[in-house]
Amino acid sequence: MTPKSANATYYDVVGIGNAIVDVMAKVGNGFLSERNLPKGGMVLLDALSAGKIYQDIIPQREVSGGSAANTVAGMASLGLACAFIGKVHDDALGQSFSRDIGATGIDFFTKPLTQGPSTGRSIVLVTPDAERSMFTYLGASTHLSLEDIDEEIIKSARMTYVEGYLWEEESAKEAILKAAEIAHTNNRDFVFSLSDKSCVERHREEFLDLIKNHVDILFGNEDELNSLFESDDFEHNLDLIKPMVDIAAITRNIKGSVVVSGRVKTFVESETVENVVDTTGAGDLYAAGFLYGLINGRSIGTCAMIGSLAAAEIISHYGARPETSLRGYVRTNLVKYGKTL
C-alpha cells in the first residue's frame, strides 16, 4: 500500500533508517569495565558478540527502535502523519518491530527479508549516571537497497528524514542518494542527522559531500559538528556549516541548542529535568519536536523549544519512545513560556 496520489502531500515526514529492536537494560559501571566495553556512543558488533552481552543482562524492555524510527515515532505522537522505510527479517523480532511501529500510527511497508541475517538489535546499557552505551548488531537493516525506496512515498512527504547510522553499506548509500534525488525533484526537503561522533569519524568526507550537495536541514550535537570539521572551535564550526544547509540545529546537552539559519544564530536553553533517567533518544526526539514546529510554521526559536521539550520527556524515563502524548506534554509545558502549540 502506498499513497494514491504522488502529487498531493500525504505524509508530513517519511523516515529512513536502521530498523532495529532496542533492548534496554540497567547495569552498573563495573559491567562495562569488566568486559572492556566503551562507555557512551555506539559500537557496532557482530551477531556473536551481541549475543554474549545479551546473555549477561536482564532486559527492562524491548521495543522497535533505531534513530530515525524514534524520530518519526515522536512526530507521530505530536500528531504528524508519518511513514518509515527500513529493513527487517521476517522473524520474531522483525514481526515485533512491524507491529510495534504500526501501533504508533506510522505506515511501514518495506518488504522484509526471508533469507540472510536476522533482524537487527541494539543493546542499550544504561548506567546509574543515566549515560547510555549502545552495542548494535545491524543484521537485516544493512540490506536496505534501492528497491526499498518507495518513490511514491517520498514524493508525497513534505520531508524525508535520514539517519547517519544508515551510511555503513554501499547499498544503503545508494538508497539515501536516490531518496534525496526524489525529494528534491519534487521540491521536498531532505533532512539528515549526523547520528553519532564515531559515525562522523568513519565517514567524514562522504558526509561533507552529502551535506553540501543534498541536505537542506541538518541535525547533530556539538561533538558531532566538531568532529565533522576536525576542530574544537564550536563557534567557527557553526560558521562553516552555515552556507552548506538551510538550517542546522545543533544540540549541546545542558547548554541547550543553537540553530543556524542564514545569517541568524538562535540559542535556546535546555529544559530542566529534575530526574534524568536515560539519555537514549534525546537527540532523536529533539529532531522530532523541531520538525513538528517547522512543519507547522513556527519560528526557529519555538521549534527549538518544542524540540527541547520532546527531549526532556524522553530522558525522564527509560527508552527512546514517549510514555505520554507528546502533543499534550508539549502543549502544557509551552504555556509557561507564553506560547501555544
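How far apart should the ends of helix 11 be, at 1.5 Å a residue? The 16 residues of this helix (residues 300–315) should span 22 Å, and the end C-alpha atoms are 23 Å apart, which agrees. The expected span here is 1.5 Å times one less than the number of residues. Helices (H or I, at least four residues) and strands (E, at least two) are DSSP runs, numbered from the N terminus. Helix 11 is also mostly covered, with 15 of its 16 residues buried. Buried stands for under 20% relative accessible area, exposed for over 50%, and partly exposed for what falls in between (1.4 Å probe, protein chains only).

A quick word on the basis of these values. The model is predicted, so local features need pLDDT of at least 70 and side-chain atom pairs count only at pLDDT 80 or more, while totals for chains, interfaces and linings use all residues. Residues are numbered from 1 along each chain as its sequence is written, and side-chain values use heavy atoms, with hydrogens and water left out.

Which of its residues are buried? They are A172, K173, A175, I176, A179, A180, I182 and A183. An α-helix has 3.6 residues a turn, so residues three or four places apart point the same way. The buried residues of helix 6 pack against strand 1 (11–16), helix 5 (151–155), strand 9 (157–163), strand 10 (189–193) and helix 7 (197–214). After the helix comes N187, with a positive phi near 60°.

Setting aside residues up to four places away in sequence, K173 touches W167 and E206, where contact means heavy atoms within 4.5 Å.

Next come the aromatic rings, which form 10 pairs in the structure. Rings of Phe, Tyr and Trp (its six-membered ring) pair if their centres lie within 6.5 Å; planes under 30 degrees apart count as stacked, over 60 as edge-to-face and the rest as tilted. One of the pairs joins F84 and F108, whose ring centres are 5.9 Å apart with the planes at 40°, so this pair is tilted. F84 belongs to strand 5 (residues 82–85) and F108 to strand 6 (residues 107–108), so the pair ties together parts that are 24 residues apart in sequence. F84 is buried at a relative accessible area of 1%, and F108 is buried as well, at 15%. F108 also pairs with F97, this time edge-to-face, with 5.4 Å from centre to centre and 65° between the planes. Since F97 sits in helix 4 (residues 92–103) and F108 in strand 6, that pair ties together parts 11 residues apart in sequence. F97 counts as buried, with 0% relative accessibility. Elsewhere, Y161, F219, Y286 and F290 make up one aromatic cluster.

What about H89? This histidine lies in the loop between strand 5 and helix 4, and it is buried, with a relative accessible area of 12%. The C-alpha atoms of H89 and A140 are separated by 5.8 Å, although the two residues are 51 residues apart along the chain. Leaving aside neighbours within four places in sequence, H89 has a list of contacts including G94, Q95, P112, L113, T114 and A140.

Two loop residues have a positive phi without being glycine. N36, with phi near 55°, is found in the loop between helix 1 (29–34) and strand 3 (42–44). N36 is exposed, with a relative accessible area of 71%. E230 has a positive phi of about 50° and lies in the loop between helix 8 (222–228) and helix 9 (234–241). E230 is exposed too, at a relative accessible area of 60%.
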